[in-house]
Amino acid sequence: MAALLRTLIVFPLLLVTVHSQFWLPNPFRGSNDDQDKNPGLKLPGITIPLLGSIGIGDETDKADQGANPPFETDYKGLWMLLSADSGANAMHVNLLPNNKIIMFDATAFRMSTLKLPNGECIPYKDDKKRDKEDCWSHGVEFDYNTGYKRPLKMVFDPWCSSGGLTADGILISTGGWKDGTRTVRYMDTCEDCDWREFQYTLADARWYATQITLADGGFFLVGGRKSFSYEYVPPAGKSNAESIKFPFLYQTTDIEENNLYPFVHLSSDGNVFIFANNRSVLLNPKTNKIIKEFPILEGGSRNYPASAMSALLPIKLYVKNAATIAVEVIICGGAKPQAYTLAQNSIFLPALQDCNRLQITKPNAQWKKETMPTPRVMGDMLNLPNGDLLILNGAKQGTSAWYSAEDPNLNPILYSPYNPMNQRFKVLNPTTIPRMYHSAVALLPDGKVLVGGSNPNPGYNFTAKYPTEMRIEKFSPPYLDPALAIHRPIIVEEASETTLTYEKNFVVQFRLGESFVDKRDVKVSMYAPPFTTHGYSMNQRLLFLGKVDVRKVFPTVYQVEVVAPPTREVAPAGYYLIFVVYRGVPSKAMWVQIK
């Protein structure tokens, strides 16, 4: 009887709170607000939890399970032209924490469509040692909202270089061609910043090399043409006297050099996964020893010029993580080993059509193979904030390099890694612009994807079959279906935490126009913006964070409490994009920094 009486008293009060903001704490007040300290309305002998905690159930934090499935949509994406002229071809792309995109190509061409400011020109000598001047900008700071581009000055050639962000959000670019092969460049985020270049920093030439961030915040730089070695990028103004020889790269090369731009991923234990051609190893960067070799990936070659795509699948974190946090690599597409040589004689072999997954933290790991809807070489692969992956760009025949591919693959593919095996791929709406060799992409904070580049020509050629492409597009993935807009969370940044500490709880507040939200349907993802070039996004990383609770703090306003990543091995220090995802629909992102 007492229990029944308590129910009869509490239930009408709960109904009142639905319509009365005066019963709920104000989300726009500071954490010292007395109401924010109070988890609910207190009456004599009775505590009423905040609406949104009622009936949700006990949270076990299974980040990969929701109470309800993702919202269904037949929407296959939308393409939009953002800019008709990027100024410099978007061969290399990186989103910075100031919401600007750095794009650049090569000084070797000695031209672009944008002049350096104030009539500045850079002197150089041509192949016949004659004095010349280069007055063109070979890099830009690009505003992805307006299309505005600011010219940047690059002296030492960054053609086919590598890069990544420091913990402070500074872009560091390494290597390149000729006078740029040993160069390290720095691009800060200040309003009028330009490149700072140190020409003789690296011990070895790094042309087609890969750069990733380690757990200690340093950069690991591996490979490059005829450079069977790796090294650690020194502080600005310092230089490396020697590199560390890496016989694995010599063993995996062939006549086509199908091991350039190796796929490199930081594992959750701090070791480094390195894939070259068709083989892969795990390297301990503290001892510089290979501690594991994985099975050969059969079927063909996967690195430049065979140019497959690679990414980490989303890393799932929990309130209390297991001793080993699972990390899984995916590699899709590529070409037969001899495809590049044949392409030089205008024989274009079909690209590979498989996708292959390997859980690198699992003992006795084995490759698991799937089949894409279409073959693809030199495509791009991006993690999306809801856990899907987007595969786009590239061709169906041939390889990377000038004039070496045919049959542009215009249709993006959505890959949902945790769907049943025969329900993972979805063909999306095509672009009308071929994105061949030297294309690049970037995930934007609004959840759209910036797509640019394509230049399979030695120089700027606007009349070739596949011309130098200066147009920049935005692609809206299926989760941006206008019909799903009412389900899209909106982060309340002023009431959310943006500076994170490892293994500590933090809160993100968001608006959502739903009368009832099951907290199992709310996820928080954390994305590291990559440096993308030649079909590979270096340092790309998506994590789903451990979820403590979701509660309603105001009508249509919720607060999710999550746990920051446990270690720098799982998520190196730096800037990330935070998304709130509700039943597969992500919010716009908020920048956070973890220290």
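1. A disulfide here is a pair of cysteine sulfur atoms within 2.5 Å. Going by that, Cys332 and Cys355 form one, with their sulfurs 1.9 Å apart. Before you read on, note that this is a predicted model, where local features need pLDDT of at least 70, side-chain atom pairs count only at pLDDT 80 or more, and totals for chains, interfaces and linings use all residues. Residues are numbered from 1 along each chain as its sequence is written, and side-chain values use heavy atoms, with hydrogens and water left out.

2. Staying with that pair, the torsion about the S-S bond of Cys332 and Cys355 is about 110°, so this disulfide is right-handed. Cys332 sits in strand β24 (residues 328-332) and Cys355 in strand β25 (residues 354-359), so the bond ties together parts 23 residues apart in sequence. (Strands are DSSP runs of E, at least two residues, and helices are runs of H or I, at least four, numbered from the N terminus.) Both cysteines, Cys332 and Cys355, are buried; buried means under 20% relative accessible area, exposed over 50%, and partly exposed in between, with a 1.4 Å probe and protein chains only.

3. How many disulfides does a search of the whole structure find? It finds 3, and counting bonded cysteines along the chain, they follow the pattern 1-2, 3-4, 5-6.

4. Cys121 is joined to Cys135, S to S 1.9 Å. The torsion about their S-S bond is about 100°, so this link is right-handed. Cys121 lies in the loop between β5 (101-104) and β6 (122-125), while Cys135 lies in the loop between β7 (131-134) and β8 (139-142), so the bond ties together parts 14 residues apart in sequence. Cys121 is partly exposed, at 24% relative accessibility.

5. Cys190 and Cys193 are joined too, with an S to S distance of 1.5 Å. This link is right-handed, with 100° about the S-S bond. Is each end buried or partly exposed? Cys190 is partly exposed, with a relative accessible area of 40%, whereas Cys193 counts as buried at 7%. While we're on cysteines, Cys160 is buried as well, with a relative accessible area of 0%.

6. Now to strand β5. Ile101 and Met103 point one way from β5, Ile102 and Phe104 point the other way, and all are buried. Two strands pair if DSSP finds at least two bridges between them. Strand β4 (residues 92-95) pairs with β5 in the antiparallel sense over 4 bridges, and Val93 stands opposite Met103. β4 and β5 form a hairpin with 5 residues between them, and Asn99 in the turn has a positive phi of about 65°. β5 also pairs with β8, antiparallel over 4 bridges, where Ile101 stands opposite Phe142.

7. There is also an open sheet of 4 strands, in the order β36-β38-β44-β43, with antiparallel pairing. β36 (490-491) and β43 (546-554) are the edge strands, each with a single partner, so one side of each has no neighbour in the sheet. β43 pairs with strand β44 (residues 557-563) in the antiparallel sense over 7 bridges; within that pairing, the bridge partner of Val550 is Val560 in β44.

8. Points are joined across faces, edges and corners, and a volume is the space filled by probe spheres set on them.

9. The largest pocket holds about 940 Å³ of space. It is lined by 35 residues, and the closest to its centre are Pro70, Asn386, Asp388, Ser416 and Asn419. By class, that lining has 14 nonpolar, 10 polar and 11 charged residues. (Nonpolar covers Ala, Val, Leu, Ile, Met, Phe, Trp, Tyr, Cys and Pro; charged covers Asp, Glu, Lys and Arg; the others, Gly among them, are polar.)

10. Of its 19 lining residues, Thr213, Ala528, Asn539, Pro572 and Tyr576 are the closest to the centre. The elements giving two or more residues to this lining are β10 (162-165), β14 (209-213), β18 (263-266) and β45 (574-582). The lining of this cavity has 11 nonpolar, 7 polar and 1 charged residues.

Definitions and conventions. On a 1 Å grid over the protein atoms alone, a cavity is a set of points where a 1.4 Å probe fits but cannot get out, and a pocket is an open set with protein on both sides within 12 Å along at least five of seven lines; lining residues have an atom within 4 Å of a point.
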